[in-house]
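Student: I have not looked at this structure before, and I would like to go through some of its features step by step. Could we begin once it is on display?

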Amino acid sequence: MGLIFVVLFHWGVSGVATATVIANVVSSMILLYRLVHTDAAIHVDLREFGIDWFTLRQILRIGLPAGVQSAVFAVATIIIQAAINSLGTVVMAASSAAFNIEIIAYYVLNSFSQACATFTGQNYGAKRIGRCKRVLGICILEDFIATAATIAVVLFFGHSLLALFDATPEVISVGYTRLVMVFSAYTFSMLYEVMSGYLRGFGISLVPALLTVIGVVGVRITWIAFAFPAHRTFEAIMIVYPISLAATAVLIGIALLCYRPSKRFAVKP
């Protein structure tokens with residue numbers, strides 16, 4: 001639909017935005033129709049819609065900190081992008097192209113964090129606390145393997161993938177530099193994402209959200225404000241990714257050791 005609005009109707013950016021809204025509305029209506037008309041366990045009866053205030057409070061207690069975290073995270077992204085934009089059009093184009101490629105590996109990485117939160121929460125709810133630590137270990141191991149494989153493939157084809165966006169040699173070179181430096185930080189990102197998901201599975205959401213804001217957002221904003229002006233290079237901006245993600249992984253790891261949820265919530269015999 002986006003291609004139709006942009007290529008055929010020449011609506012430009014507004015065409016992409018319009019197509020996105022229409023696609024989301026249509027997808028939502030189709031999903032709701034399927035839920036209402038299925039006989040499976042996920043059947044939805046619109047007449048039974050209502051608000052369970054206790055459940056709502058639980059959802060807000062867990063979900064709201066994560067939402068605020070994402071919103072604040074965007075502030076740091078804007079500040080970093082502003083610093084990148086100050087280095088010229090070549091760096092802007094290269095960084096944008098690399099970002100669109102590296103996000104593929106991030107989705108692989110983040111999926112295991114979501115899985116960890118889901119399976120930890122299910123086992124916690126079922127009082128199978130002993131399984132929760134196994135979930136954490138398995139998710140970290142599988143996440144490492146899957147993310148490493150994805151990064152290897154992306155880096156191997158990195159120059160060709162970047163050329164799809166802009167074949168200029170300078171853009172490809174700078175873009176590949178971003179891929180290497182950001183991917184070098186993904187080990188730390190993987191650890192803090194999975195550990196955060198583990199804590200959220202136990203209903204501990206505010207602490208990882210606060211620590212992520214401090215470790216990621218705080219470090220990045222501080223770095224761009226004080227370190228970057230003294231060394232105005234693209235590499236000086238990109239080095240903040242491994243620094244901030246490593247700091248966050250350490251903070252979340254300390255929180256995990258302090259809370260020890262698998263022992264704290266263990267069922268007493």
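Student: Are α8 and α9 roughly parallel or roughly antiparallel to each other?

Tutor: Bear in mind that this is a predicted model. Helix α8, residues 186–201, and helix α9, residues 206–227, pack at an angle of about 160 degrees, and their axes are 10 Å apart. Angles over 145 degrees count as roughly antiparallel, and therefore the arrangement of α8 and α9 is roughly antiparallel.

Student: How many residues of the contact of α8 with α9 are nonpolar, how many polar and how many charged?

Tutor: On the side of α8 the contact is made by Tyr 192, Ser 196 and Leu 199, while α9 contributes Pro 208, Thr 212 and Val 216. Sorted by type, the residues of this contact are 4 nonpolar, 2 polar and no charged.

Student: Is Ser 113 buried or exposed?

Tutor: Ser 113 has its place in helix α4, which covers residues 89–125. Leaving aside neighbours within four places in sequence, Ser 113 is in contact with Glu 193, Val 194, Gly 197 and Arg 200. Its relative accessibility is 1%, and because buried means under 20%, Ser 113 counts as buried.

Student: Which kind of aromatic pair do Phe 156 and Phe 157 form?

Tutor: The structure holds 4 aromatic pairs. For Phe 156 and Phe 157, the ring centres are 4.9 Å apart and the planes stand at 85 degrees. Since planes over 60 degrees apart count as edge-to-face, the pair of Phe 156 and Phe 157 is edge-to-face.

Student: Are Phe 183 and Tyr 186 buried or exposed?

Tutor: Phe 183 and Tyr 186 also form an edge-to-face pair, at 5.3 Å centre to centre and with 65 degrees between the planes. As for accessibility, Phe 156 is exposed at 67% relative accessible area, and Phe 157 counts as partly exposed at 43%, whereas both Phe 183 and Tyr 186 are buried.

Student: What is the phi of Lys 127?

Tutor: Lys 127 lies in the loop between α4 and α5, and it is exposed, with a relative accessible area of 56%. The charged end of Lys 127 sits over the ring of Tyr 124, 6.0 Å from the ring centre, and Tyr 124 forms one aromatic cluster with Tyr 198 and Phe 202. Most residues other than glycine have a negative phi. Lys 127, although not a glycine, has a positive phi of about 65 degrees.

Technical notes
Residues are numbered from 1 along each chain as its sequence is written. This is a predicted model: local features need pLDDT of at least 70, side-chain atom pairs count only at pLDDT 80 or more; totals for chains, interfaces and linings use all residues. Side-chain values use heavy atoms; hydrogens and water are left out. Helices (H or I, at least four residues) and strands (E, at least two) are DSSP runs, numbered from the N terminus. Buried means under 20% relative accessible area, exposed over 50%, partly exposed in between (1.4 Å probe, protein chains only). Contact means heavy atoms within 4.5 Å. Axes are lines fitted to C-alpha atoms, for helices over the stretch in contact, and angles run from 0 to 180 degrees between N-to-C directions. Angles under 35 degrees count as roughly parallel, over 145 as roughly antiparallel, 65 to 115 as roughly perpendicular and the rest as oblique. Ala, Val, Leu, Ile, Met, Phe, Trp, Tyr, Cys and Pro count as nonpolar, Asp, Glu, Lys and Arg as charged, and the others, Gly among them, as polar. Rings of Phe, Tyr and Trp (its six-membered ring) pair if their centres lie within 6.5 Å; planes under 30 degrees apart count as stacked, over 60 as edge-to-face and the rest as tilted. A charge sits over a ring if NZ of Lys or CZ of Arg is within 6 Å of the ring centre and within 35 degrees of the ring normal.
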